[in-house]
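Here is a short report on one protein chain. Keep the sequence and the model in view while reading.

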Amino acid sequence: MCRITAAGKEAAVARFLQEFPSASRAASDHPELRGCDDIAWTDFPECPAGVPALLRGLLDPVAAREAERVLCIVLMDSPFSMGPAMPAALPFLLRLAADPAMPVRAELVEVLLVVAELSHPVDGGSEQAIRFLGSDRDHPERALCRAVFAEHADLVRGLLDDPTLPDGLIPPDERRSLLTVATP
């Protein structure tokens, strides 16, 4: 399966910082990002230090699309596997997605839908599911993300009821998936 390496993640962040140097310094005092600089991002396996710069880049209308793309590279280990830093980033993503002024709000909601789906427990009796997604024991980020969704259930419900989001952005199945992970 395609796996994004630590070197690939570092290179993607370096390219972003080179292309958008002011984005990483902007919005350092934004309320939804308080505490993102206090997290030791490099303590997470294969996670570069540039996560706060990418989160701030989401607020910059010029850099937002690229910041979202690179952030997905950094926080995902593969298309079907979250990286260990996802639970730490998830509160920031939820708060930013709740802000109607976010330049890439719809894209962040789509990221949250993917994270919600990947946070569901894997059926331990299904060899195919375990082979494809790995066991829950090997992926503690699933349970940690469910805990973050549950802790921020008010934001999740707010997103689901938000009339400013484009119609059809959250299909019924994904709506149920998001509600399931946000319910303790």
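## Basis of the model

This is a predicted model, in which local features need pLDDT of at least 70 and side-chain atom pairs count only at pLDDT 80 or more, while totals for chains, interfaces and linings use all residues. Residues are numbered from 1 along each chain as its sequence is written, and side-chain values use heavy atoms, with hydrogens and water left out.

## Overall fold

The protein chain has nine helices and two strands. These elements are DSSP runs numbered from the N terminus: helices are H or I with at least four residues, strands are E with at least two. Their order from the N terminus is α-α-α-β-β-α-α-α-α-α-α. The radius of gyration is 16 Å, close to the 16 Å of the globule rule for 184 residues, so the chain is as compact as a globular protein of that length. That radius is taken over C-alpha atoms, and the rule is 2.2 Å times the number of residues to the power 0.38.

The C-alpha trace spans about 50 × 40 × 25 Å along its principal axes. Of the 184 residues, 47% are buried. Buried means under 20% relative accessible area, exposed over 50%, and partly exposed in between (1.4 Å probe, protein chains only). Among contacts with a separation of 6 or more, 69% join residues 24 or more positions apart. Contact means heavy atoms within 4.5 Å.

How many of the twelve residues of helix 4 are buried? Eleven are, so helix 4 (residues 86-97) is largely enclosed by the rest of the structure. The buried set includes Met86, Pro87, Leu90, Pro91 and Leu94.

The axes of helix 4 and helix 7 (residues 141-151) come within 9 Å and cross at roughly 25°. Axes are lines fitted to C-alpha atoms, for helices over the stretch in contact, and angles run from 0 to 180 degrees between N-to-C directions. The two helices are therefore roughly parallel. Angles under 35 degrees count as roughly parallel, over 145 as roughly antiparallel, 65 to 115 as roughly perpendicular and the rest as oblique. The crossing is right-handed. A crossing is right-handed if the near helix is turned clockwise from the far one by less than a right angle, and left-handed if anticlockwise. By class, the contact has nine nonpolar residues, no polar and one charged. Nonpolar covers Ala, Val, Leu, Ile, Met, Phe, Trp, Tyr, Cys and Pro; charged covers Asp, Glu, Lys and Arg; the others, Gly among them, are polar.

## Helix 5 and its two contacts

Helix 3 (residues 64-75) packs on helix 5 (residues 105-119) at about 15°, with axes 10 Å apart. That makes the pair roughly parallel. The crossing is right-handed. Arg65, Glu68 and Cys72 of helix 3 meet Glu107, Leu108 and Val111 of helix 5. Three of these residues are nonpolar, none polar and three charged.

Helix 5 also meets helix 9 (residues 172-181). Their axes come within 9 Å and cross at roughly 65°. This crossing is left-handed. Helix 5 supplies Leu112, Leu113, Ala116, Glu117 and Ser119; helix 9 supplies Glu174, Ser177, Leu178 and Val181.

## Selected residues

Ser177 touches Ala116, Glu117 and His120, leaving aside residues up to four places away in sequence. Asp162 sits in the loop between helix 8 (153-160) and helix 9. Asp162 is buried too, with a relative accessible area of 17%. Its C-alpha atom lies 9.1 Å from that of Pro100, 62 residues away along the chain.

The loop between helix 1 (6-19) and helix 2 (51-57) holds Glu46. Glu46 has a phi near 60°, a positive value in a residue other than glycine. Glu46 is partly exposed, at 34% relative accessible area. Arg34 is in the loop between helix 1 and helix 2. At 59% relative accessibility, Arg34 is exposed. Arg34 touches Asp29, Phe92 and Arg95, again leaving aside residues up to four places away.
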